[in-house]
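Hi everyone, thanks for making time.

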Amino acid sequence: MYRREKSIQIKSSASALYNNLSVLPIAEKCLTYFTVVHCNVVNMVSASGDGLNFSHRQLQSKEGSIAASSSLIIQASWCVLPSRVLLVLTSQKGIQMYESDGSIMVYWHALDIPETPSAEAVFARGIAAATTLGHYICVGTSSGSVLVFKIPDKGANIILSEVLEEHWDPITDIATETSSSKEYIADIVSADDSGLLCIWKAGEDFKLLNKIPAYGCSCSSVKLWCGIVIAGYGSGQIRLYDALSGVVHAEVNAHARWIYALDIAPDSGKLLSGAEDSLVRIWKLSKSPESHTVEIEHQHTECVTDVQICGAKFCDPEGSAFAVTGYDLSEIIRYTVV
């Protein structure tokens, strides 16, 4: 169903981090942008539609305007808002927001670092853009807080508008509703190290709609599509929940090892999962309007031999192509539909 294309070489290898790949397709320019984190550097690559031309850039972690080489970057992700696109970086020191090409840093938010060293690490992780009833970017922290930033249409007048305090463990991932339909109430889902999921309605005041309890395993990656929460766990399982009721629609033993990445193609309902077992699997989700049930069907498996997968993303809304990164691998591996 998918075939491997020519890989994109990057200047430094991928760190072993959850969801360590972000993809931004620019259809009008026939370009696709990729970011991969390595220690305190973000590798940025723009690739032409024909896969023949590439442009490379490296973005280094900064603390304010001063380069801080000791600050490890945890995640880099593009946030697509109605009027602009921002590249958001999270690190051990804080949260940085750049213009989409990484040329200008428009905002810096420092994390509260304890004066006395503690056994617990401090970092930010989990990035998502919420565009319902306002333009917001949500970022998770190691304390379990979710920081909500209000984003203007242009300029650097970004403000921290709210702090959501429902998690007690470090945030692992945050996702927003990917369907374009306005019928779904839930806008955002946040996940933490314990496996707890919190479902939110975005707005001037974010409202907690539901809590889906943990069941003894960390949730490393999460997505929200058509009112369905899709959660990937350290056990290798994928669970599908109804966002509002918390009812489990399906549970799949998808991988033999820890799941590091999930992605959804909103236009087709294709789901991608990548794990430590070197496998990338493609699934098809479908909803039954009559019975209000959700089904998941396996469609394709790719074995990326001897690679611990740490990032996997579709390259377009239909899911006709996807890309994969792996720990200590200095390339982005691409696949397209045959």
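Let's start with burial: 57% of the 338 residues in the chain are buried, where buried means under 20% relative accessible area with a 1.4 Å probe, counting protein chains only. Before I go on, this is a predicted model, where local features need pLDDT of at least 70, side-chain atom pairs count only at pLDDT 80 or more, and totals for chains, interfaces and linings use all residues. Residues are numbered from 1 along each chain as its sequence is written, and side-chain values use heavy atoms, with hydrogens and water left out.

On to the fold. The chain has 31 strands and zero helices; these are DSSP runs, at least two residues of E for a strand and at least four of H or I for a helix, numbered from the N terminus. Of the contacts (heavy atoms within 4.5 Å) between residues at least 6 apart in sequence, 49% join residues at least 24 apart. Along its principal axes, the C-alpha trace spans about 55 × 45 × 40 Å.

Most residues other than glycine have a negative phi.

Ser278 is another case, with a positive phi of about 70°. You'll find Ser278 in the loop between strand E26 (270-275) and strand E27 (279-288), and at 12% relative accessibility Ser278 counts as buried too.

Key. Buried means under 20% relative accessible area, exposed over 50%, partly exposed in between (1.4 Å probe, protein chains only).
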